[in-house]
Amino acid sequence: MGGRGTFASGNNVAYTYETVGKIGGIKILKGLGGKHGLPEEAHSSGAYVSLYPNGNTKQLRIYNSNLTAKTDIEYSVHQGKISFHAHDYINGVRQPARSLTIAEIEKYGKYFGGAQ
């Protein structure tokens with residue numbers, strides 16, 4: 001994985017993320033060289049996780065079948081308070097936060113220690 005977290009076929013691109021573990025089979029990525037957040041595109045995974053320094057999950061990014069960002073599920077500050085919410089991507093553009101559906105909470109809450 002290189003550049004912006006993508007795999008550049010045939011080109012040597014510096015790694016900007018490293019895998020530091022897994023949660024429920026999903027790789028936990030840590031940015032290198034001051035990078036934070038998660039890659040805009042995946043190399044081979046359908047999702048990646050990032051953590052707060054205390055080890056709690058900050059963000060789960062889910063990718064489309066073409067390995068571009070689909071949805072960010074986050075437990076982070078939104079409108080001045082910590083909340084469990086999602087941001088969808090439409091044509092590569094991150095959309096404003098929305099509440100999670102009950103199905104999403106049931107499916108993804110386990111990655112956030114049951115946050116709701």
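Which residue in β5 is the bridge partner of L60, and what surrounds that pair?

Analyst: The bridge partner of L60 is I73, a residue of β5. This model is predicted, so local features are reported only at pLDDT of at least 70 and side-chain atom pairs only at pLDDT 80 or more, whereas totals for chains, interfaces and linings use all residues. Residues are numbered from 1 along each chain as its sequence is written, and side-chain values rest on heavy atoms, with hydrogens and water left out.

The strands that carry this pair, β4 and β5, run antiparallel and are joined by five bridges. Strands (E, at least two residues) and helices (H or I, at least four) are DSSP runs numbered from the N terminus, and two strands pair if DSSP finds at least two bridges between them. Five residues separate β4 from β5 in their hairpin, and L67 in the turn has a positive phi of about 70°.

Along the sequence, the protein as a whole follows the pattern β-β-β-β-β-β-β-α.

How enclosed is β4? Six of its seven residues are buried, so β4 is largely enclosed by the rest of the structure. Buried means under 20% relative accessible area, exposed means over 50%, and partly exposed lies in between (1.4 Å probe, protein chains only). Across the 116 residues of the protein, 36% count as buried.

Both L60 and I73 are among the residues with the most contacts inside the largest nonpolar core, together with I26, Y108, Y111 and F112; this core has 13 residues. A nonpolar core is a set of buried Ala, Val, Leu, Ile, Met, Phe, Trp, Tyr and Cys residues joined through side-chain atoms within 4.5 Å. The strands β2 (26-31), β3 (47-51), β4 (57-63) and β6 (81-90) each supply at least two residues of this core. Apart from neighbours within four places in sequence, I73 is in contact (heavy atoms within 4.5 Å) with residues including K58, L60, I62, F84, A86, L100, Y108 and F112. A second, separate core of six residues includes Y17, L29, A42 and Y63.

D72 and R61 form a salt bridge in which the closest N and O atoms are 2.6 Å apart; the term denotes a side-chain nitrogen of Lys or Arg within 4 Å of a carboxyl oxygen of Asp or Glu. Because D72 lies in β5 and R61 in β4, the pair ties together parts that are eleven residues apart in sequence. Both D72 and R61 are buried.

Elsewhere, R98 and D88 meet in a salt bridge of 2.6 Å, N to O. R98 lies in the loop between β7 and α1 (102-108) and D88 in β6, so this pair ties together parts that are ten residues apart in sequence. R98 is partly exposed at 26% relative accessibility. A salt bridge of 2.8 Å, N to O, also joins R98 to E104, and E104 counts as buried at 15%.

Y75 is one of the contacts of S83, together with E74, S76 and H78, when neighbours within four places in sequence are left aside. S83 lies in β6 and counts as buried at 16% relative accessibility.
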